[in-house]
Amino acid sequence: YLIEATFNTATVRCALKEFPTATWTSPWRDDSQSAFTTERFAVSVGRKPAVAGKIPIQLGQGRAFGDGRHVTTRLCLQVLEQMELSRGTFLDVGCGNGILSIAAAKLSCARVIGTEIDESILTEARANAALNLVAVEWRCEDRPQALEGKCDVVVANILWPGFRDLLPDLTACLRHSGMLILAGYNVRDRDDVNEAVVVADREMRFVNAHEESGWLAGIWRYP
């Protein structure tokens, strides 16, 4: 198609090309056998990983975020595998395909909750949990709701500034000594994110951050 428009004395011509609706998903499907490992996990899309000494996470093919090709997912896994999660409550806000919730369940977390704003994404997460034989409570909600007993760990792997408005809700879900993990921001946003967390709750204390390729997964503790 060719569109022509005239603004004052200038003429602008734009060419539009039509693509099949499925084209954008094809590279994802063609690369469905991607796999990676962390210190404790072996993750694979489309087949069950078999890496000696690693905790396997198998993911089905899908469109939801979280297969590990983005560095923030790997950073979050690295943070989780260093935590003591057994007997705790874990909340995964914006869970995508459920990879972090599945990881928490495989680390013997007593209660795992994953939330998303889109029921179709939760369908994918449920299927992945079934593949891995783990129990997760899935919730479709715009904002995380207050939980009875509150949480030991709350994670939000959501692109900044998408989680800015959620911060008061995220910190409200933490019990004392609970940990907040935020990913999806880069080194340029570090100061803005730190400031936003303090504005949301002045009692939050920064612990540290894992960094890779300019991306960060920051950790805060509620006193």
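This is a predicted model: local features need pLDDT of at least 70, side-chain atom pairs count only at pLDDT 80 or more; totals for chains, interfaces and linings use all residues.
Me: Why is T115 called buried?
Reply: Buried means under 20% relative accessible area, exposed means over 50%, and partly exposed is in between (1.4 Å probe, protein chains only). T115 has 2% relative accessibility, so T115 counts as buried. T115 is found in strand β7; a strand is a DSSP run of E with at least two residues, a helix is a run of H or I with at least four, and both are numbered from the N terminus.

Me: What is T115 in contact with?
Reply: Contact means heavy atoms within 4.5 Å. With neighbours within four places in sequence left aside, the contacts of T115 are L91, D92, V93, G94, C95, R139 and E141.

Me: Why is W160 called buried?
Reply: W160 has a relative accessible area of 10% and is therefore buried. W160 lies in the loop between β9 (151-157) and α5 (167-172). Not counting residues up to four places away in sequence, W160 touches G184, Y185, D189, D192, V193 and A196. W160 and A183 are 23 residues apart along the chain, and their C-alpha atoms are separated by 8.1 Å.

Me: What makes I102 a buried residue?
Reply: The relative accessible area of I102 is 0%, so I102 is buried. I102 has its place in helix α3. Leaving aside neighbours within four places in sequence, I102 is in contact with I57, L59, N97, N128, A129, N132 and V134. Between I102 and L131, 29 residues apart in sequence, the C-alpha to C-alpha separation is 9.9 Å.

Me: How do you know that α3 is mostly covered?
Reply: Seven of the eight residues of α3 are buried: I99, L100, S101, I102, A103, A104 and A105. Just after α3, S108 takes a positive phi of about 70°.

Me: What makes helix α2 mostly covered?
Reply: In α2 (residues 71-80), nine of ten residues are buried. Among them are V71, R74, C76 and L80.

Me: How do you know that the span of α4 is close to the one expected?
Reply: The expected span of a helix is 1.5 Å times one less than its number of residues. α4 (residues 119-131) has 13 residues and reaches 19 Å from its first C-alpha to its last, close to the expected 18 Å.

Me: Why are the buried residues of α4 said to line one face?
Reply: The buried residues of α4 are L122, E124, A125, N128 and A129. Seen down the axis of α4, they fall within an arc of 155°, so they line one face of the helix. The arc is that of the directions from the helix axis to the C-beta atoms. What covers these residues includes β5 (55-59), α3 (99-106), β7 (111-116) and β8 (137-140). After α4 comes L133, with a positive phi near 55°.

Me: Why are β3 and β5 called edges of their sheet?
Reply: Two strands pair if DSSP finds at least two bridges between them. The open sheet has three strands in the order β3-β4-β5, with mixed pairing. β3 (35-37) and β5 each have a single partner strand, so one side of each is left without a neighbour in the sheet. β3 and β4 (residues 41-45) are joined by three bridges in the antiparallel sense, and F36 has V43 as its bridge partner in β4.

Me: What makes β8 and β11 the edge strands of the other sheet?
Reply: Seven strands form an open sheet in the order β8-β7-β6-β9-β10-β12-β11, and the pairing is mixed. β8 and β11 each pair on one side only.

Me: How do you know that β11 and β12 pair?
Reply: Seven bridges join β11 (residues 205-212) to β12 (residues 215-221), and the two run antiparallel. E211 stands opposite L216 in β12. Their hairpin has two residues between the strands, and S213 takes a positive phi near 55° there. β12 also pairs with β10 (residues 174-186), in the antiparallel sense over seven bridges; I219 in β12 is the bridge partner of I181.

Key
Residues are numbered from 1 along each chain as its sequence is written. Side-chain values use heavy atoms; hydrogens and water are left out.
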